[in-house]
Number of protein chains: 2
Amino acid sequence: MSRFTLYGYWRSSCSWRVRIALHLKGIDFENLSVHLVKDGGQQHKADYLALNPMGQVPCLVDHQAGLSLTQSAIILDYLEEQVPEPALYPGDAGHNRRIREFCTLINTGIQPLQNLAVLQQIEGRFGADAPAKAAWAAHFIARGFTAAETMLKDVGGDFCFGDRVTMADLFLIPQIFGAHRFGVDMTAFPTLARIDAHCGDLDAFVKAAPGAQPDAQS
Amino acid sequence: MSRFTLYGYWRSSCSWRVRIALHLKGIDFENLSVHLVKDGGQQHKADYLALNPMGQVPCLVDHQAGLSLTQSAIILDYLEEQVPEPALYPGDAGHNRRIREFCTLINTGIQPLQNLAVLQQIEGRFGADAPAKAAWAAHFIARGFTAAETMLKDVGGDFCFGDRVTMADLFLIPQIFGAHRFGVDMTAFPTLARIDAHCGDLDAFVKAAPGAQPDAQS
């Protein structure tokens with residue numbers, strides 16, 4: 001039995017972040033699907049709410065520690081503590097703080113505004129159709145990416161912060177997938193697009209991608 | 001001259017969190033208003049965007065370190081490092097992780113969904129009027145508070161995590177102000193309401209409150 005179980009969903013960017021970390025660190029894990037659409041949303045069922053009262057993915061269970069954690073940012077910090085190599089905060093305090101600032105921009109300023117629960121609300125309350133939902137999501141992604149591009153243009157190399165993968169890349173790449181899905185023009189964000197291409201060459205990112213998950217398209 | 005300048009807005013819950021920390025830690029600071037409504041939103045002006053390309057408050061400048069930081073969660077961690085007492089993560093690693101998980105729930109699962117920029121979008125795109133905007137905000141606050149109440153009911157004392165103030169209280173109290181503003185029935189959340197009452201007795205929370213700021217109601 002694996003030490004870790006990840007409850008996630010193939011297209012959830014927050015689940016994807018955690019999958020990348022698990023693969024980068026070579027951590028064996030059980031990959032369980034909480035299907036956000038089927039059955040009216042499996043995340044709303046009592047057995048899952050007992051793990052995460054917010055009814056969101058991901059949730060990580062560490063069977064060895066008897067611990068269940070929610071919030072991808074918290075899960076990622078825990079994995080970094082438990083399996084430090086390769087380090088995803090590889091710099092000094094000031095450098096790592098900039099990485100965290102960038103991750104937080106995506107985690108609070110982009111992702112929450114374009115996820116399934118919000119798109120369901122604009123449809124249910126205001127009758128937004130598919131193009132209106134995509135335009136909403138694209139607006140918030142482009143707003144955040146405009147800031148992200150500015151933040152990275154002087155520090156980005158092959159990856160967000162220089163020439164090695166950091167936690168910032170784990171937040172950025174799944175969000176770029178969302179950008180493509182909702183029709184954001186990525187030519188406006190050349191630094192981000194360049195980093196996306198480099199991450200796409202890495203095995204951990206490929207294995208963690210939505211299409212490679214057992215619940216993809218199901 | 002103060003070592004720190006805080007760029008904030010009286011009714012911004014993220015600015016308020018940082019003000020509480022500054023007052024709790026007894027840190028002298030210059031309190032500058034970035035008015036989110038006047039002049040079409042001062043956060044969109046070039047001079048402020050140079051400080052925060054995302055065009056959000058707060059932003060903290062540490063003149064001594066020559067450092068400018070965005071994202072309230074990052075600013076709060078920085079203040080905790082620079083002025084450790086009173087500690088806002090006062091427990092062991094496991095306890096502090098639960099505090100961070102709670103803060104992240106509010107920071108990603110509630111606050112981003114009911115702030116001014118989002119309410120402006122549902123008005124602009126879908127014609128939402130004041131009651132529809134309040135109902136939207138109340139929905140997301142109540143959803144998050146349902147999870148928050150579950151998370152705290154066994155660990156909450158006078159404050160979120162036991163009987164001393166932690167970072168969790170700095171995230172919760174400003175969000176409860178928003179709950180009242182948008183008509184959320186707080187009797188459904190007795191643990192949260194009890195903590196709110198206790199925090200309301202503390203000088204740091206009173207000094208940091210929206211109505212006590214120089215730009216209040218302006």
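Chain A of this predicted model is divided by its domain assignment into domain 1, covering 4-86, and domain 2, covering 93-204. The centres of domain 1 of chain A and domain 2 of chain A, taken over C-alpha atoms, are separated by 20 Å. Two contact surfaces are described below, one between these domains of chain A and the other between chain B and chain A.

**Between the domains of chain A**

- Across this boundary, eleven residues of domain 1 of chain A are in contact with 13 residues of domain 2 of chain A.
- On the side of domain 1 of chain A that touches domain 2 of chain A, the elements that give two or more residues are α1 (13-24) and α3 (72-82) of chain A, and α1(A) gives the most, with eight residues.
- By class, that side of domain 1 of chain A consists of eight nonpolar residues, two polar residues and one charged residue.

**Between chain B and chain A**

- The two chains meet through 29 residues of chain B, which are in contact with 29 residues of chain A.
- On the side of chain B that touches chain A, two or more residues are given by each of the elements β4 (67-70), α3 (72-82), α4 (93-109), α5 (116-126) and α6 (130-152) of chain B.
- Among the elements of chain B, α4(B) supplies the largest share of the side that touches chain A, namely eight residues.
- The residues on this side of chain B divide by class into 16 nonpolar, nine polar and four charged.

Note on methods:
Residues numbered from 1 in each chain as written. Chains lettered and ligands numbered in written order. Predicted model: local features only at pLDDT ≥ 70, side-chain atom pairs only at ≥ 80, totals over all residues. Domains from an automatic or database assignment. Contact = placed C-beta atoms within 7 Å. Helix = DSSP H or I, 4+ residues; strand = E, 2+ residues; numbered from the N terminus. Nonpolar A, V, L, I, M, F, W, Y, C, P; charged D, E, K, R; others polar.
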